[in-house]
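Look at the structure below and follow the text from one contact to the next. Keep the numbering at hand as you read.

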Amino acid sequence: MHAPLLTPVEARLIDCWQRDFPLVAEPWPEVAAAAGTSPAAARAAVANLIETGLAARLGAVVRPNTAGASTLAALVCSPAEVSDLGPLVSAEPGVNHNYEREHARLPLWFVVTGADEPAVAATLERIGTTTGRPVLALPLEREYRIDLGFALGAASLAAAGPHRAGSHPATAQAATATVSADDRALLAAIEDGLPLVERPYRAVAERLGLDETVVLARLTAMVAGGAIKRFGIIVRHRPLGWRANAMVVFDAPADAIDDLAGLFLDEPAVTLLYRRRPAPPLWPYRLYAMIHGRDRGAVEGVIGRLVARAGRPLGHEILFSSRCFKQTGARFSRLPEPVS
């Protein structure tokens with residue numbers, strides 16, 4: 001399958017505006033200037049990216065556990081059961097990502113969001129009851145690399161590759177950032193993306209019965225505080241040419257994880273890096289690395305370099321993604337109500 005054909009303007013928009021989309025009343029003149037086009041043409045190009053499936057939306061990526069609670073989870077089942085069980089998991093409104101991965105015991109992986117931790121626990125319990133299978137909850141303990149982005153490099157996909165798109169180490173402030181109930185309502189209003197109009201924030205404000213300046217101030221504060229980890233064009237990596245991705249999990253003593261993560265951060269092809277709570281004895285792994293590549297061989301090469309960087313034998317498993325059942329941003333408008 002060939003990489004998609006992008007216009008030069010579309011490629012520049014993707015390169016420039018996957019983050020730091022202007023939080024001003026009229027953002028399109030600045031957006032257009034960076035892409036070398038007119039404001040109307042920039043809006044039309046973003047609309048085309050979304051309509052063709054190369055982008056999901058123009059809007060916010062919200063940090064986990066800030067506007068509610070969330071966890072990664074896995075279903076204990078056989079690969080032969082995934083086709084039947086995957087849609088049952090996706091039917092839960094609190095599930096916003098649901099993937100089949102290549103693994104004999106844990107082939108179905110999903111993210112559950114909720115208004116609070118009891119709401120997440122209730123969703124996990126329902127999934128276990130509905131599927132009749134055990135569920136492993138693997139909550140986040142620390143982020144080492146965040147803010148996934150994909151650089152196109154002008155209009156050429158041939159030389160492009162995944163990059164951090166301005167990623168920065170998770171700080172204590174960012175890791176503990178929270179939002180108010182009013183901010184959560186604002187995030188719900190833009191969960192499908194900003195309207196592609198001249199004054200998008202005014203359109204959102206009118207929908208909520210607010211002043212445009214209030215919407216801009218709240219969004220600016222959530223970006224500055226780390227609750228919104230990225231604000232811009234949310235691309236779909238597979239249609240753009242990164243068709244292989246693997247979640248690699250590593251088993252190491254708890255007191256060695258931070259040092260190991262530091263070694264892995266020197267590898268730019270590691271697009272996301274997290275520490276999660278293990279679930280022994282079935283799942284002893286604490287360190288998770290997401291690696292995206294144009295093909296399976298490229299991803300396997302990165303994994304080999306990571307193992308070599310560790311400088312010692314290191315238990316690990318490789319889980320390539322094979323099917324996507326569901327992929328959306330967090331759905332704040334349809335999350336279950338708080339249980340607590």
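Arg142 has a relative accessibility of 39% and so counts as partly exposed, a term for values between buried (under 20% relative accessible area) and exposed (over 50%), computed with a 1.4 Å probe on protein chains only. The side chain of Arg142 meets that of Asp258 in a salt bridge, 3.3 Å from N to O. A salt bridge here is a side-chain nitrogen of Lys or Arg within 4 Å of a carboxyl oxygen of Asp or Glu. This pair links distant parts of the chain: Arg142 is in strand β6 (residues 140-145) and Asp258 in helix α10 (residues 257-264), 116 residues apart. Asp258 is also partly exposed, at 36% relative accessibility. Helices (H or I, at least four residues) and strands (E, at least two) are DSSP runs, numbered from the N terminus.

The model is predicted: local features need pLDDT of at least 70, side-chain atom pairs count only at pLDDT 80 or more, and totals for chains, interfaces and linings use all residues. Residues are numbered from 1 along each chain as its sequence is written, and side-chain values use heavy atoms, with hydrogens and water left out.

Side chains of opposite charge can pair when their charged atoms come close. How many salt bridges does the structure hold? There are 16. Arg142 and Asp258 belong to a network of salt bridges that also takes in Glu141 and Arg275. Elsewhere, Arg323 and Glu100 form a salt bridge with an N to O distance of 2.9 Å. Arg323 lies in strand β13 (residues 315-327) and Glu100 in strand β3 (residues 95-101), and 223 residues separate these distant parts of the chain. Arg323 is partly exposed, with a relative accessible area of 32%, whereas Glu100 is buried at 13%. A further salt bridge joins Asp183 and Arg218, with 3.9 Å between the closest N and O atoms. Here the distant parts are helix α7 (residues 181-189), which holds Asp183, and helix α9 (residues 212-225), which holds Arg218; the two residues are 35 apart. Asp183 is buried at 13% relative accessibility, and Arg218 is partly exposed at 22%.

Contact means heavy atoms within 4.5 Å.

Now turn to helix α3 (residues 39-51). Its 13 residues reach 18 Å from first C-alpha to last, close to the 18 Å expected at 1.5 Å a residue; the expected span is 1.5 Å times one less than the number of residues. Its buried residues are Ala42, Arg43, Ala45, Val46, Ala47 and Leu49. What covers them includes α1 (8-16), α2 (28-35), β1 (55-62) and β9 (228-235). Just after α3, Gly53 takes a positive phi of about 85°.

Rings of Phe, Tyr and Trp (its six-membered ring) pair if their centres lie within 6.5 Å; planes under 30 degrees apart count as stacked, over 60 as edge-to-face and the rest as tilted. The rings of Phe21 and Trp28 have centres 5.4 Å apart and planes at 70°, so this pair is edge-to-face. Both residues are buried. Ring pairs link Trp17, Phe21 and Trp28 into a cluster.
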